[in-house]
Amino acid sequence: MGTVVEAANKGENGSIPEKNPTVVFVLGGPGSGKGTQCANIVQQFRYTHLSAGDLLRAEIKSGSENGTMIQNMIKEGKIVPSEVTIKLLQRAIQESGNDKFLIDGFPRNEENRAAFESVTGIEPAFVLFFDCSEEEMEKRLLSRNQGREDDNIETIRKRFKVFLESSLPVINYYDAKAKVRKVDAVRPVEEVFETVNAIFAPKIEKAE
């Protein structure tokens, strides 16, 4: 028991650097525009963008033992254990050479959140939550995903429901700690980034 957690704690080259990095969790439903805004933040404020999904896919593609295990779990419809995803995030943090990170689409649920904090010892500086109505997200996803509309609408609604059920408890947890920065993501991209800019700009001024 605990060996995966211990391995994740130690990472590949020992633990996370002594000075904890700045971590911002980025959450928002499918079609909320968080990917576009993450790209803007990276450009403007020199954060490193880490997507849990991308890291899992890259690990599978690498053909490593870990990647094969992840692939088999996904094939069998099992949920990849939090520690596995966290270990990949931790490794990416260690290898990046940066000290500011946007972690996109993670934690997906309360269990992810608790595991991330206990394994890495890192609490996020804040959570950037792109709040967007289901109608608007549906409209955006359908317009960029022309095809069999019924299937698309079904899938989109399912994804939205999963997001609400699993991610809202995480948002509520951090909201109680005054760590949620909610952004109205229904507006045009430029307007949304003005709000995002105002959230990140003071952090830069205070940077050492």
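Two residues are in contact when heavy atoms of each lie within 4.5 Å. By that criterion, Ala 92 touches Leu 50 and Leu 55, leaving out residues up to four places away in sequence. The structure is a predicted model. This briefing covers helix H5, in which Ala 92 is placed, and the positions that an unreviewed UniProt entry lists as "binding site", among them Ser 32 and Arg 187.

**Helix H5**

- Helix H5 comprises residues 82–96.
- The buried residues are Ser 82, Glu 83, Val 84, Thr 85, Ile 86, Leu 88, Leu 89, Gln 90, Ala 92, Ile 93 and Gln 94.

- Ala 92 has a relative accessible area of 15%, and because buried means under 20%, Ala 92 counts as buried.
- Leu 55, one of the contacts of Ala 92, is 37 residues away from Ala 92 along the chain, yet their C-alpha atoms are separated by 8.4 Å.

**Annotated binding site and pocket**

- Under "binding site", the unreviewed UniProt entry lists Gly 31, Ser 32, Gly 33, Lys 34, Gly 35, Thr 36, Arg 144 and Arg 187.
- From this set, the lining of the largest pocket takes in Gly 31, Ser 32, Gly 33, Lys 34, Gly 35, Thr 36, Arg 144 and Arg 187.

**Ser 32**

- Ser 32 lies in the loop that runs between strand S1 (22–28) and helix H2 (34–45).
- With a relative accessible area of 3%, Ser 32 is buried.
- Not counting residues up to four places away in sequence, Ser 32 touches Phe 130, Cys 132, Met 137, Arg 140 and Ala 185.
- A polar atom of the Ser 32 side chain lies 2.8 Å from the backbone oxygen of Gly 29.

**Arg 187**

- Arg 187 occupies the loop between strand S5 (180–184) and helix H9 (189–206).
- The relative accessibility of Arg 187 is 25%, so this residue counts as partly exposed.
- Apart from neighbours within four places in sequence, Arg 187 is in contact with Arg 140, Val 192 and Thr 195; Arg 140 is also among the contacts of Ser 32.
- The Arg 187 side chain reaches the backbone oxygen of Asp 184 at 3.0 Å.

Technical notes. Residues numbered from 1 in each chain as written. Predicted model: local features only at pLDDT ≥ 70, side-chain atom pairs only at ≥ 80, totals over all residues. Heavy atoms only, no water. Helix = DSSP H or I, 4+ residues; strand = E, 2+ residues; numbered from the N terminus. Buried < 20%, exposed > 50% of the residue type's maximum accessible area, 1.4 Å probe, protein only. UniProt positions renumbered as here; feature names shortened; annotations may be inferred. 1 Å grid on protein atoms, 1.4 Å probe; cavity = no way out; pocket = protein on both sides within 12 Å on 5 of 7 lines; lining within 4 Å. Polar contact = N/O pair within 3.5 Å; in protein donor to acceptor, adjacent residues only side chain to side chain.
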